[in-house]
Amino acid sequence: MKIAGSTVLLTGANGGIGRAIAHALAARGADLIVSGRRAEALRSAMSGLSVRTVVADLAEAADVERLAEEAGNVDILIANGALPASGALLDYTPEQIDRSLTVNLRSQIMLCRLLAPAMSEAGRGHIVLVGSLSGKTASPAASLYNATKFGLRGFAHGFRQDLHGTGVGVSVVQPGFVRDAGMFAATGAAPPGKVRTVSPEQVATGTIRAIEHDRAEVDVAPAELRLGSSIAGLFPALAARVQRLALKDGALERIVAGQRHNR
Ligand SMILES: NC(=O)c1ccc[n+]([C@@H]2O[C@H](COP(=O)([O-])OP(=O)(O)OC[C@H]3O[C@@H](n4cnc5c(N)ncnc54)[C@H](OP(=O)(O)O)[C@@H]3O)[C@@H](O)[C@H]2O)c1
């Protein structure tokens with residue numbers, strides 16, 4: 001689908017990856033509607049860009065509906081906003097569990113439910129759900145994040161089939177560990193097992209590719225991580241054994257500690 005001249009709603013626009021996606025879309029001539037929870041952070045992340053802003057909390061069902069309503073008819077939805085949802089499930093309160101599931105999975109599904117009908121009627125549109133390789137490989141201290149990202153991947157592929165023939169494509173874009181900015185980089189921790197990272201700009205490029213070429217799934221990660229996650233999807237018990245051996249450097253614990261405030 002052509003991006004120039006299309007109206008795009010992007011959530012999580014003030015985050016590390018969202019900011020890179022917004023700038024890449026603006027460079028291609030998209031009309032941007034950006035959303036996030038914090039108005040000031042959104043303003044500063046979008047400085048220099050001409051955008052319309054809608055502040056909304058994806059944890060609140062009414063806010064998600066208002067966001068869709070205020071955005072109006074959009075050609076492209078990029079559901080990118082999410083919480084890290086890291087750490088042991090047994091450390092989570094019921095309210096924190098609900099928030100993780102709502103922000104990372106329910107809000108994306110609802111935005112699709114609310115925005116896809118107009119796209120389908122127009123016979124033209126695209127939806128990108130920003131998932132993670134954690135939607136293909138489970139890992140320690142990530143069961144909630146895994147639940148939401150596996151769920152998002154399943155939803156993306158199922159919804160894509162439902163919309164087949166309508167002119168509306170659905171993609172899931174799945175980054176590995178992202179350096180420089182975003183929920184992993186903000187912890188200051190090294191990647192577990194010293195795996196290689198990608199930049200936010202590479203994720204933005206993958207997102208653009210998904211839209212322009214109507215790709216069902218785009219993994220944005222070094223080759224070894226892409227291959228590893230595919231094998232892990234086939235052999236999860238083997239993957240768990242490998243991870244137990246590889247993840248002894250304390251990096252995982254540092255990531256969880258750095259994301260704890262954001263549950
Ligand atoms: N960074 C990585 O290594 C990595 C790897 C794989 C996948 N991903 C995925 O990439 C996407 C973007 O992540 P990121 O690294 O850019 O994270 P980030 O820098 O933490 O940004 C997250 C964004 O989501 C928004 N958000 C969080 N809770 C929200 C809520 N309740 N309501 C509305 N907005 C909310 C944040 O807005 P506020 O700041 O205003 O709260 C922020 O704009 C996520 O889906 C993430 O799971 C990231």
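Which residues does Gly16 touch, not counting residues up to four places away in sequence? The legends below begin with the whole chain and then turn to this and other close-ups.

**Figure 1. Overview of the predicted chain.** This is a predicted model: local features need pLDDT of at least 70, side-chain atom pairs count only at pLDDT 80 or more, and totals for chains, interfaces and linings use all residues. Residues are numbered from 1 along each chain as its sequence is written. The chain has 9 helices and 7 strands. Helices (H or I, at least four residues) and strands (E, at least two) are DSSP runs, numbered from the N terminus. A compact globule of 263 residues would have a radius of gyration near 18 Å; the chain has 17 Å, which agrees. That radius is taken over C-alpha atoms, and the globule rule is 2.2 Å times the number of residues to the power 0.38. Along the principal axes, the C-alpha atoms fill a box of roughly 50 × 40 × 35 Å. Of the 263 residues, 45% count as buried. Buried means that 20 or more other C-beta atoms lie within 10 Å of a residue's own, exposed means 12 or fewer, and partly exposed is in between; C-beta atoms are placed from the backbone. Among contacts with a separation of 6 or more, 69% come from residues 24 or more positions apart. Two residues are in contact if their C-beta atoms, placed from the backbone, lie within 7 Å.

**Figure 2. Gly16 and its contacts.** Gly16 touches Val178, Ala181, Gly182, Ala185 and Pro200, not counting residues up to four places away in sequence. Gly16 belongs to helix 1. It counts as buried, with 20 C-beta neighbours inside 10 Å. Met183 is 167 residues away along the chain, yet the C-alpha atoms of Gly16 and Met183 are separated by 7.3 Å.

**Figure 3. Helix 1, residues 16-27.** At 1.5 Å a residue, these 12 residues should span 16 Å; the end C-alpha atoms are 17 Å apart, which agrees. The expected span is 1.5 Å times one less than the number of residues. Buried residues of helix 1 are Gly16, Ile17, Gly18, Arg19, Ala20, Ile21, Ala22 and Leu25. Gly29 follows helix 1 and has a positive phi, near 85°.

**Figure 4. The largest nonpolar core.** This core has 71 residues. A nonpolar core is a set of buried Ala, Val, Leu, Ile, Met, Phe, Trp, Tyr and Cys residues joined through C-beta atoms within 7 Å. Val8, Leu10, Leu32, Ile33, Val34, Leu77 and Ile78 have the most contacts inside the largest core. Helix 4 (residues 94-122) gives the most to this core, with 6 residues. Leaving aside neighbours within four places in sequence, Ile33 is in contact with Thr7, Val8, Leu9, Val51, Arg52, Val54, Ala71 and Val74.

**Figure 5. Strand 5 and its partners.** In strand 5 (residues 125-130), 6 of the 6 residues are buried, so the strand is largely enclosed by the rest of the structure. Gly125, Ile127 and Leu129 point one way; His126, Val128 and Val130 point the other way. Strand 4 (residues 76-79) pairs with strand 5 in the parallel sense over 4 bridges. Pairing requires that DSSP find at least two bridges between the strands. Ala79 stands opposite Leu129. From strand 4 the chain crosses through helix 4 to strand 5, a right-handed β-α-β crossover. Right-handed means that, with the strands pointing away from the viewer, the path from the first strand over the helix to the second runs clockwise. Strand 6 (residues 168-175) runs parallel to strand 5, joined by 6 bridges. Val168 in strand 6 is the bridge partner of Gly125. The crossover from strand 5 through helix 5 (residues 143-162) to strand 6 is right-handed.

**Figure 6. Arg153 in helix 5.** Arg153 lies in helix 5. It is buried, with 21 other C-beta atoms within 10 Å. Leaving aside neighbours within four places in sequence, its contacts are Gly131, Gly135, Lys136 and Val172. The C-alpha atoms of Arg153 and Val173 are separated by 8.9 Å, at 20 residues apart along the chain.

**Figure 7. Two loop residues with positive phi.** Most residues other than glycine have a negative phi. Ala141 has a positive phi, near 60°. It sits in the loop between strand 5 and helix 5. Ala141 is partly exposed, with 19 other C-beta atoms within 10 Å. Asp180 has a positive phi of about 75°. Its loop lies between strand 6 and helix 6 (200-212). With 13 C-beta neighbours inside 10 Å, Asp180 also counts as partly exposed.
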